[in-house]
Amino acid sequence: MAKTPFYITTPIYYPSAKLHIGHAYCTTLADTIARFKRLAGYDVFFLTGSDEHGQKIQQKAEEAGVTPQAYVDKIVAGFQELWRRLGISNDDFIRTTEERHQKVVQEIFRRIYAKGDIYKGEYKGQYCTPCESYWTEHQLDENGCCPDCHRPVQEVSEQAYFFKMSNYADRILAYIEETPDFIQPESRRNEMINFIKQGLEDLCISRTSFTWGVPVPMPPDEDGRQHVIYVWFDALTNYLTPIGFLDNQEMFNKYWPADLHLVGKEIVRFHTIIWPCILMALDLPLPKKVYGHGWLIVDGDKMSKSKGNVVDPLLLIDEFGADAIRYFLLREINLGQDGNFSRDALIERINSDLANDLGNLLHRTLSMAKKFQEGILAAPQGESEIDRSLKSDAAETVKFYRENMERMELSPSLKKVWAFVSRANKYIDETAPWALAKDDSRKQELANVLYNLAESLRQIAVLISPYMPDTGRKIWAQLALEEVKPFAEVQLTDIESWGGIPAGHKAGEAQQLFPRIEAEDDAAAAKKAAKEQAAANKAAKKAKREAQRKLNEKKQ
Ligand code: MSP
């Protein structure tokens with residue numbers, strides 16, 4: 001039977017600076033959903049990428065004294081390195097500077113122009129360069145600044161191409177109202193409904209005041225000015241490029257419309273108003289769901305370069321490993337709400353949940369199997385009340401997990417898995433295998449207990465794999481299950497019945513999954529990490545000052 005397709009995307013990130021832990025959070029969420037869907041038998045296409053055009057990037061490159069292309073190439077290589085180290089399983093990586101994408105943007109422009117929904121006019125308005133957003137006078141905040149980031153805007157007046165969003169206002173409003181699942185969570189949906197009800201103006205989609213963008217596929221103005229396409233019009237269409245919009249109809253029909261655009265809460269507006277209007281103008285179906293997740297703050301504060309509290313995910317991965325970071329982000333933050341990152345809370349979770357609960361369960365199980373049965377997991381026979389309750393908890397956990405993961409309840413599902421980890425640890429205490437081992441007449445009971453523990457761990461390895469792919473694989477390897485079934489081929493159905501470990505299977509040796517972080521070591525490590533983070537922030541500031549100085553010299 002053909003698998004059901006599932007197309008999931010992250011936003012494409014601006015390569016104006018290195019990515020921080022907040023960006024890593026967004027991509028980790030998407031990765032976990034993509035991995036779960038693969039496990040549940042879907043044919044997944046998972047896309048991420050970089051949004052490389054626009055005035056801000058051009059300015060940054062000028063400050064750095066390099067071409068925009070050289071500037072973005074270097075930063076985007078850093079994105080790709082981060083995703084590799086974080087274990088991100090994207091199927092493609094789209095860069096908006098790639099030819100395959102520029103072709104798509106220009107073709108979309110041509111089609112909508114030919115239809116009459118793009119026209120040329122005079123643009124007068126306010127532009128926020130950091131947000132790459134146009135605003136009308138009445139949308140500005142009380143200080144006349146950008147309503148999103150509250151920084152000063154620039155007045156611009158120029159000939160420009162406009163997209164007739166006003167043509168689609170009624171249709172998009174009706175769609176949002178009739179399709180409760182389209183925008184989630186509910187609070188974002190209400191915001192968007194209110195926004196549209198205030199009236200949709202036509203959108204200015206070209207600029208002539210800078211050159212770093214996809215050229216408008218039209219002759220230049222009479223005065224010779226060439227237009228480039230507005231960066232959001234360019235960026236949003238990235239979602240069509242890698243799935244064969246122009247070159248692979250079969251693939252396109254399979255994956256479009258997207259099942260899920262996962263985005264941060266502040267860019268829901270672009271994805272649920274501008275993007276659907278573009279798609280309607282192209283007569284394409286709309287994405288099934290846009291989910292606006294919350295923001296990650298650090299020690300209760302918004303991250304910013306000026307505060308010097310920007311957390312570099314690569315430094316954290318060096319220190320604690322990718323899976324510990326992934327676990328923390330996915331467990332601590334409820335999707336849709338803002339969440340807090342703190343080093344202390346991270347260490348607390350590593351020690352209690354990973355080193356203690358999970359690490360001990362694995363270690364105790366494998367060392368007892370080795371000590372009492374030379375690692376051999378003999379066929380269980382008969383079952384006690386306690387065995388029955390463990391098995392029924394396992395079945396209940398897998399069921400809860402499948403249903404809740406399908407609803408993107410990532411944190412509750414992970415908590416449920418950990419409740420089962422604790423349950424299995426308690427099972428060790430209840431059955432006391434060391435006591436059974438002393439009594440020859442209870443050999444079968446002992447075999448049953450060790451089998452049940454190993455089987456619980458087999459199920460746990462699979463359940464945690466979307467969250468902590470490397471740890472799932474390590475547990476599988478320590479149980480020596482690779483020869484039974486390669487971990488890469490495991491499906492959720494493999495743990496929907498009890499007893500996947502063949503009778504007589506020999507488990508492997510116990511190895512530590514997560515070392516405990518001792519307070520003393522951490523005090524020294526925290527100092528070192530803070531120093532490294534401060535040095536990195538300071539170096540970035542210094543480079544910026546230096547670049548600004550060079551630029552000023554050049555201008556004089
Ligand atoms: N380039 C646009 C997106 C275009 S998608 C067609 C953009 N880029 S961004 O780099 O500024 O942000 C990318 C994503 O990172 C956004 O979804 C944003 O919400 C997310 N985050 C940025 N800081 C964040 C946190 N502190 N916490 C969580 N997510 C955050 O917008």
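Axes are lines fitted to C-alpha atoms, for helices over the stretch in contact, and the angles between N-to-C directions run from 0 to 180 degrees. The model is predicted: local features need pLDDT of at least 70, side-chain atom pairs count only at pLDDT 80 or more, and totals for chains, interfaces and linings use all residues. Residues are numbered from 1 along each chain as its sequence is written, and side-chain values use heavy atoms, with hydrogens and water left out.

Helix H14 (residues 410-431) and helix H16 (residues 443-464) have axes that come within 11 Å and cross at roughly 170 degrees. H14 is therefore roughly antiparallel to H16, a term for angles over 145 degrees. In their contact (heavy atoms within 4.5 Å), H14 contributes residues including Trp418, Phe420 and Tyr427, while Asn448, Leu453 and Ile460 are among those from H16. The residues of this contact divide into twelve nonpolar, four polar and no charged.

The ligand is surrounded by 23 residues, each with a heavy atom within 4 Å of it; the closest are Ile12, Asp51, Gly264, Glu266 and Leu296. Strand E1 (5-13), helix H1 (21-39), helix H7 (231-236) and strand E11 (260-264) each supply at least two residues of this shell. By class, the shell comprises 13 nonpolar, eight polar and two charged residues.

A polar side-chain atom of Asp51 lies 2.7 Å from a nitrogen atom of the ligand. A polar backbone atom of Tyr14 is 3.1 Å from a ligand oxygen atom, and one of Gly22 is 3.4 Å from a ligand nitrogen atom. Taken alone, the ligand exposes 670 Å², of which the protein buries 94%, by the Shrake-Rupley method with a 1.4 Å probe.

Key: Polar contact = N/O pair within 3.5 Å; in protein donor to acceptor, adjacent residues only side chain to side chain. Helix = DSSP H or I, 4+ residues; strand = E, 2+ residues; numbered from the N terminus. Nonpolar A, V, L, I, M, F, W, Y, C, P; charged D, E, K, R; others polar. Parallel < 35°, antiparallel > 145°, perpendicular 65-115°, else oblique.
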